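Subject: Structure for you to take over

Hello,

Please open it first; my notes on what was found follow below.

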Amino acid sequence: MKIFVSKTKAEASKEAYEVFANDISKGDIKTIGLATGSTPLDFYKYAREAQPNCENITTVNLDEYVGLAPDHDQSYNYFMHENLFDSVKFEKHYLPNGLAEDSEAECARYDKVLDENPLDWQLLGIGGNGHIGFNEPGASFEGTTQRVKLTEATLEANARFFDSIDEVPTEAYSMGIGSILKSKKIVLLAFGEEKAAAIKAMIEGPVTNEVPATALQSHDNVMVFLDEAAASLLS
Ligand code: F6R
């Protein structure tokens, strides 16, 4: 893993964005895996400002809440349109369908999407409990797309986006860790002291399913962009 520490979240996001812009200009990205949440907001802001040419790039999102319609304002589909897709033109977008009636068929559909669109670049955030995508502690490192139950810690962390914690969907579809690891390049961003323990475990800790992000230690092309607070526990 290559670790880059910047003073602020804005600076770290800018550095990560520049890697993305450079890889696009080299023609290295045909398919990109994308994340939602607070972490990539500045990264997406830089993309909206710079308007990179993404017309030949397909996006495949990491996850979507079960039960939310694509136009629900807390769905990840809505988030992606608000923050990126309505401003930067891509070739095609894929997200799990939160309203799918048959979960098994939906996971199989998404795995087929991933097989047909091998990831060149995967943007990741990390949960305070070390999750990547919605692969919570205990998830298999070989996993493919799954319908997962969110942990109490994740529900609490995500409650800030909803009127109350009772409204946070308790399940999500998530790309599996095995699929994430197939990406040629992985770029993980983490900001704030609430991520510091997970970042230390991801980089310095033993590889364990209890901290899903430690799976990234086995990948040979991972770039990690941190602010000082997220890096504060690193030795
Ligand atoms: C989002 C995702 C999650 C988030 C993580 C951090 O698509 O897959 O793993 O990256 O929960 O969330 P934030 O960025 O809101 O702290």
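This is a predicted model: local features need pLDDT of at least 70, side-chain atom pairs count only at pLDDT 80 or more; totals for chains, interfaces and linings use all residues.

Let me begin with a pair of strands. S4 and strand S8 (residues 171-174) run antiparallel and are joined by 3 bridges. In this pairing, Glu64 stands opposite Tyr173 in S8. S8 also pairs with S7, again in the antiparallel sense, and here there are 4 bridges. Tyr173 in S8 turns up in this pairing too, with Arg147 standing opposite.

Taken together, the 3 strands make an open sheet in the order S4-S8-S7, with antiparallel pairing. Its edge strands are strand S4 (63-65) and strand S7 (146-149), each of which pairs on one side only. From one strand to the next, the twist averages 30°.

The mean pLDDT of the protein is 98, and 100% of its residues reach 70 or more. For the complex, the predictor gives an ipTM of 0.99 and a pTM of 0.98.

Next, the residues of S4. Glu64 is found in this strand. Why does Glu64 count as buried? Glu64 has 27 C-beta neighbours inside 10 Å, and the cut-off for a buried residue is 20 or more. Apart from residues up to four places away in sequence, Glu64 touches Ser75, Tyr76, Asn77, Leu95, Pro96, Gly98, Ala172 and Tyr173. The C-alpha atoms of Glu64 and Tyr110 are separated by 12 Å, and these two residues are 46 residues apart along the chain.

Asp63 also has its place in strand S4. Asp63 is buried because 23 other C-beta atoms lie within 10 Å. Not counting residues up to four places away in sequence, Asp63 touches Tyr76, Pro96, Gly133, Phe134, Ala172, Tyr173, Ser174 and Met175.

Asp63 brings in the database record. In an unreviewed entry, UniProt places the feature "active site" at Asp63, Asn129, His131 and Glu136. Glu136 lies in the loop between strand S6 (121-124) and S7. Glu136 counts as buried because it has 22 C-beta neighbours inside 10 Å. Leaving aside neighbours within four places in sequence, Glu136 is in contact with Asn129, His131, Val148, Leu150, Thr151 and Thr154. Two of the residues in that contact list, Asn129 and His131, are named in the UniProt feature as well.

UniProt, again in an unreviewed entry, also lists residues 11-221 for "domain: Glucosamine/galactosamine-6-phosphate isomerase". In the model, the end C-alpha atoms of residues 11-221 lie 21 Å apart, and the span is 33% helix and 18% strand.

Now the nonpolar core. Which residues of the largest nonpolar core touch the most other members? They are Ile126, Leu188 and Ile199, in a core of 58 residues. Strand S9 (residues 185-190) supplies the largest share of this core, 5 residues. Setting aside residues up to four places away in sequence, Leu188 touches Leu124, Ile126, Leu216, Val222 and Val224.

S9 also matters for reading helix H2. The buried residues in H2 are Asp42, Phe43, Tyr44 and Ala47. What covers them includes helix H1 (9-25), helix H3 (76-85) and S9.

H2 is followed by Gln51, which has a positive phi near 50°. Gln51 sits in the loop between helix H2 (41-50) and strand S3 (54-61). For comparison, most residues other than glycine have a negative phi.

Regards

Terms used: Residues are numbered from 1 along each chain as its sequence is written. A nonpolar core is a set of buried Ala, Val, Leu, Ile, Met, Phe, Trp, Tyr and Cys residues joined through C-beta atoms within 7 Å. A residue is buried if 20 or more other C-beta atoms lie within 10 Å of its own, exposed if 12 or fewer, and partly exposed in between; C-beta atoms are placed from the backbone. Helices (H or I, at least four residues) and strands (E, at least two) are DSSP runs, numbered from the N terminus. Two residues are in contact if their C-beta atoms, placed from the backbone, lie within 7 Å. pLDDT is the predictor's confidence in each residue, from 0 to 100. Two strands pair if DSSP finds at least two bridges between them. Axes are lines fitted to C-alpha atoms, for helices over the stretch in contact, and angles run from 0 to 180 degrees between N-to-C directions. UniProt positions are given in the numbering used here, feature names are shortened, and annotations may be inferred rather than shown by experiment.
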